Amino acid sequence: PTTLNRTFTFTIVDVNDPPTNVTVEGRSKIYESSLPGYRIGTLASTDPESGDLVSYELLSVNGVADSNEFYILKAEKSSSLILNRSLDYEDESSFVLEIRATDSGRPPASSSSFVDIVVLPSDPCALGTARCREDASCFRVNRTSSRCECDDGYKGDGVNTCDLIDHCRDTIDIAAVSSNIQIPSLSLCNNGTCVNGINAYECVCDAGFLAPDCSREADECQSN
């Protein structure tokens, strides 16, 4: 038999792989009160070829190519995501940014990733700085202000006072104004005592009179 031996040399050429997994280092949440020009964070990615410089391009925001909420500020060796305009949490609570990362390999390789940015409310209610009483609730007015309102059944400014509404007295006052009658001549419970409650009152009738307003005498014959 004849045997032939030959030596072959193979050269393995490294294929430049694109950078992937673009992230914003530092934070992915911003307050709506942040001013234009605010630096959200440095852009980073995973590049199999260590040592390559990576550049970034903002392709779209929420699927819109020509949006103006953000821009990328490029430096010599890094890139930062910058807020371009004022935000409002009620209008925009989150954004999805499509960012392309391109390395400095030969030839350059690139891929795109989606980055989530969450907008946080900055009104006093959200930040817990509104100074509302425990028996009051905080309501957002806009991104920098709020208002306090007393809980149902109470009245006041919500900050200094929240007093239980006196339905026994207030109902008499309303009736007096509407009928032009002196207050002492009015009574919610004609033959009984008015007991105030939250958003209601109750008449506790004297003996021999019936609810709801104690104006009707009990019929002892009928009750027997």
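A disulfide here is a pair of cysteine sulfur atoms within 2.5 Å, and the sulfurs of Cys205 and Cys214 are 2.1 Å apart. Cys205 counts as partly exposed at 25% relative accessibility, while Cys214 counts as buried at 0%. Buried means under 20% relative accessible area, exposed over 50%, and partly exposed in between (1.4 Å probe, protein chains only).

Before we go on, a word about the model: it is predicted, so local features need pLDDT of at least 70 and side-chain atom pairs count only at pLDDT 80 or more, while totals for chains, interfaces and linings use all residues. Residues are numbered from 1 along each chain as its sequence is written, and side-chain values use heavy atoms, leaving out hydrogens and water. The mean pLDDT (the predictor's confidence in each residue, from 0 to 100) is 87 for the protein, and 90% of its residues reach 70 or more.

Now look at Cys189 and Cys203, whose sulfur atoms are 1.9 Å apart in another disulfide. Cys189 sits in the loop between α2 (167-179) and β13 (192-197), and Cys203 in strand β14 (residues 200-205), so the pair links distant parts of the chain, 14 residues apart. Helices (H or I, at least four residues) and strands (E, at least two) are DSSP runs, numbered from the N terminus. Both Cys189 and Cys203 are buried.

A search of the whole structure finds 6 disulfides. Counting bonded cysteines along the chain, their pattern is 1-3, 2-4, 5-6, 7-9, 8-10, 11-12.
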